[in-house]
Structure formats: C-alpha cells, structure tokens
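Hi everyone, thanks for making time.

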Amino acid sequence: MFRSSHYNANVFFTSPKLVAEDIITQQKFMEVPIKYPAKLTLRVVLTCIMAATGGLIFGYDHGVSGGVTSMDSFLKKFFPSVYEKESNVKPSSNQYCKFNSQILTLFTSSLYLSALAAGLGASSITRMLGRRATMIMGGIFFVAGALLNGLAVSIWMLIVGRLLLGFGIGCANQSVPIYVSEMAPYKYRGALNMCFQLSITIGIFVANLFNYYFSKILNGQGWRLSLGLGAVPAFIFVIGSFCLPDSPSSLVERGLHEDAKRELVKIRGTTEVDAEFRDILAASEASQNVKHPWRTLMDRKYRPQLVFAICIPFFQQFTGLNVITFYAPILFRTIGFGSGASLMSAVIIGSFKPVSTLVSILLVDKFGRRTLFLEGGAQMLICQIIMTIAIAVTFGTNGNPGTLPKWYAIVVVGIICVYVSGFAWSWGPLGWLIPSEIFPLEIRPAAQSITVGVNMISTFFIAQFFTSMLCHMKFGLFIFFGCFVVIMTLFIYKLLPETKGIPLEEMSMVWQKHPIWGKFLESDNPIQNDKMNSKC
Ligand code: BGC
C-alpha cells in the first residue's frame, strides 16, 4: 500500500489552483509505503462481532420465508388457492408451475421494497446521527415486524409486519458494513467485515432448522414460532448497538474530534494513531465540503465507485443464489421431494453457507478479493450446468417426471451444496465487503445506500418472479443465471482492482493504477496529466 490519500487525488481532479509542489508531493506520497499501527484488540473484535449480528436478522428473514410458505397450514390460512393447487385439490398440469402464485411470492418479496426505501432514507441518518443510531433504529423495526408476523391473524398483519422487517433490514444493511469497515484495522478489514456475511448465513441456517422442527409442532401453528422468533436476534442487535461506540470516522464527521481520537486509541490498542487520525480528519474535511453527496456521487471522478455500487449487488443477486435461499423447500417439492425431505434438504444446504463463509474469512486477506471472485464464479457456473442437465433429463419440458431415479436426489442436493459454497466464499461476503471499502468518506453513506437499494430491488425481483420464471423457463432457469455468472466473472476480471491490505483512506490509488480505470480517470483531467507526465 502506498502513502497517498484520495483527498490529494481529489484536489488534483477538482482544483484549478494546482501547483507544482502538490504534484511533487503527490508523486512522493505515491511511492512511500505507510502502515497505520494497530493491534487486533478485543474491543475491536467484540465491536465488529456485535455489529455483525445485524446480519443475523437479514439472514433469518431470508431463511424463514421460503420454508413458511411451503407449510400447508400457513398456505391454507393465508393463501388457500395456492394450497389447493399444490395439494392436488385442483392440480396444476405442469410440475414446474405448482407454486406459481404472485400473491404468495409477494409475501417474501414485499419486504425488499420497504428495505429499499429504508436503505435510501438511512443515508442521512447515518451521516448526521452516526452509524450506531441507524443500527438501533433498524433493530427496533425488526423486532416489531417479527412480533406482528408471529401473531398474524389476517393478511394485513402479515404485510405490515413484512414492511416493518424491511425497514429494519434496510437500516441495518446500510449502516453495519460501513461501520465495521471503519472500525477494523485495515489489515483485518476483510475478515472482520465478513463477520456480517457470516452472521447472515448463520441466520439463514437457524431459520432453516427452525422451519424444519416447527413445521411438525403446535398443530400446524409452528410457522408462528418461525416468524416470531426473528425478534430474538433483532433484540440482541438492538442491545448490542446501544453498547457500541460510534466509529472514529463518524465521530469526526459530527465534530466530536476528542471522542474520535480517544476511541481510535482504544480500538487500535496504541497511542500512535496520529497518522490515521490525520487522514480521518482530512477525509472528514473533504466530506464536509460535499453539500450534496448524491449529486457528488455522479461526478465523473467517482464513476468507478458508482459502477461497483450498482453492479456488485445486482450481480450478487443474479448469481441466482436466492432462488435456493428463499425457495429451496418449494424448489425441492417442485422437483419431486416430499415436504419433510424438502425442509431437511434446505437445512443441509444451509449448513454449507456458514462453513464456506468461514473459509472465505480465513482466505480473503491472504489471497485477495479477486481470486475468490474468480474461483467462486467458475465453481457456480459448473454447478449450474450440471443442475440444468439433471433436471432436464428427469423432468423434460412437460414437468412430468414419472418415477424419480435414486441418483437424482443425491446429485441435485450435492451439486446445490457445491454451488452454494462457491457463492458463500465469493459473491456472498464480497458483495458487502467491496462496496464498504471502496467509497471515500464524502460519498460513503450515499454510495452504500445505492448498494443496499440495488441489492434490495434485485432481491425483490428474484423473490417475486422466481416461481413464474420457473414455470416458464423450466430447467432453463439455471442457464439464465449461468449466463449472468459468466458476465459478472468477466466484469471482475477486467474491472476490479485488488483492494486487499489497502487502508480506506488510501483506496483512491487503486483506481488510478488500474489499466482501464486509470485511463478513464486520466482523461478526466488532461491538464493535470500533462503536468504529471512532464514531471516524470
Ligand atoms: C446476500 C443475500 C443472500 C446471502 C446468502 C448475502 O450476501 O445479500 O441475498 O441470501 O448472502 O448467503
């Protein structure tokens, strides 16, 4: 990593008063490696782990809704027409179309629309009141939503509950990843940030397990426990967030310089924090000059960040992973498994996610982000091709399998596990890590809101249209997602610079050194570049 902050770089791109000394200083800075001294203190580990429990609520919700919507008692009560079709009272002529109901999928997807709105709104709160305030708000919304859903006696309670859960998720996902990246020492930022993803996957797994057990108890009312128990992780998150300090960057941003420095000393476990503190101050100064972060984000010099803020979450969802997360039980019932076997298969698959995320935590700061992205992409693509062939051979296009061969269940579950692992050590955690580390402070909350917004709208799309896509595309659905995996892998290969081991305040250099982005940014500032070139 190199000594040069993006504030210098920004001055280059914006200030007409550029002077030769600035250029020389900039060039000198580009060559001097810096290290902010920092220990991995218990305080920082606990802080990051506690903040990452925000991921639990997101994951719990992802995991719970698909299982609940495959439970007969729940369908009978709230979606009787789907129940009739699915239970063969009025059978669907095609197996692929058994669960095709837009109202049913609206139950899962509606949440992501409110999460989208909350994610966008949360940007100002995160900036003005701090990351912690947004986290607390998110947790409270989630507790309220989970309780309302668990107690639902009519469809409006379900919908309002889902909207509240969505507000909670929007707030948590907007604030937690940037909070963790700001608190973590740069050397461990990847691993600590990925605790967010780890807790998402633990949340999904716990929800899968609960669905499996609760589907068999309380005379069919077990779904109430599945939905209501979401309040528990949310409650832990609220309490945890109350006890957390705000990040030094956020404290400085709000003028609390003394508190910020004190906090920096505590989390870094050393009094030698002057260099880092100076860079945070400079970042904050640049940030204060930005009166309209949303408009600023559109500036050409932030184009690489904007492209990644949009493409990373979009591609993450178009890996197709959430088809499995949300609808594994429904998918398994569609492709011939019984109800208990479907919920159990979801549990088995769910267990692969946290384990693979752990692998990623161990590898990300060693091998870097690009390696994980490229390997994960290749692994997912191979699995998608095998899955397509297995389902095509067995079901054909008319969705009538006759008797299912034994090998079939083993191949399908096995391949889905490998596919899920590929996602869980690449696009899953990196989909949150990369955005949280590439945005400079002055656009960080706004850019993170875009990431959350795009993630939520893409998740909405998948959640809402999966059953009808399956009905129309049949086994071709997996090839549809496979094509996106090819595109996104090429996108990473060509456009993502390695961000491993670079302090947040130094991140702007990675774009300037990148063969494509470097040219793009150079062409933004021909006068400066002429001067730079003549100096060389
Ligand atoms: C994604 C979720 C996904 C989860 C699965 C997260 O990073 O944003 O949509 O369900 O990973 O592991």
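How far does a polar side-chain atom of His62 lie from an oxygen atom of the ligand? The distance comes to 3.0 Å. Please keep in mind that this is a predicted model.

A polar side-chain atom of Gln197 lies 2.7 Å from an oxygen atom of the ligand, and for a polar side-chain atom of Gln316 the distance to a ligand oxygen is 2.9 Å. As for cover, the ligand taken alone exposes 310 Å², and the protein buries 100% of that.

Let's step back to the whole shell. It has 16 residues around the ligand, and the closest are His62, Gln197, Gln316, Asn322 and Trp432. By class, the shell splits into 6 nonpolar, 9 polar and 1 charged residues.

Where do these residues come from? Helices H3 (42–68), H9 (189–214), H16 (303–317), H17 (321–334) and H21 (427–438) each supply at least two residues of the shell. H9 gives the largest share, with 4 residues.

How many cavities of 30 Å³ or more does the count give? The count comes to 7. The largest cavity has a volume of about 150 Å³, and the ligand sits in that largest cavity.

Its lining is made up of 16 residues, and those nearest the centre of the largest cavity are His62, Gln197, Ile200, Asn322 and Phe423. The elements giving two or more residues to this lining are H3, H9, H16, H17 and helix H20 (406–424). H9 supplies the largest share of the lining of the largest cavity, 4 residues. If you like class counts, the lining of the largest cavity has 7 nonpolar, 8 polar and 1 charged residues.

One more stop before we chat: the second largest cavity, which holds about 130 Å³ of space.

To come back to where we began: the ligand sits in the largest cavity, with His62, Gln197 and Gln316 among the closest residues.

Technical notes: Residues numbered from 1 in each chain as written. Predicted model: local features only at pLDDT ≥ 70, side-chain atom pairs only at ≥ 80, totals over all residues. Heavy atoms only, no water. Near = heavy atom within 4 Å. Polar contact = N/O pair within 3.5 Å; in protein donor to acceptor, adjacent residues only side chain to side chain. Areas by Shrake-Rupley, 256 points an atom, 1.4 Å probe, with all protein chains shown as cover. 1 Å grid on protein atoms, 1.4 Å probe; cavity = no way out; pocket = protein on both sides within 12 Å on 5 of 7 lines; lining within 4 Å. Sits in = over half its atoms within 2 Å of the grid points. Nonpolar A, V, L, I, M, F, W, Y, C, P; charged D, E, K, R; others polar. Points joined across faces, edges and corners; volume = space filled by probe spheres on them.
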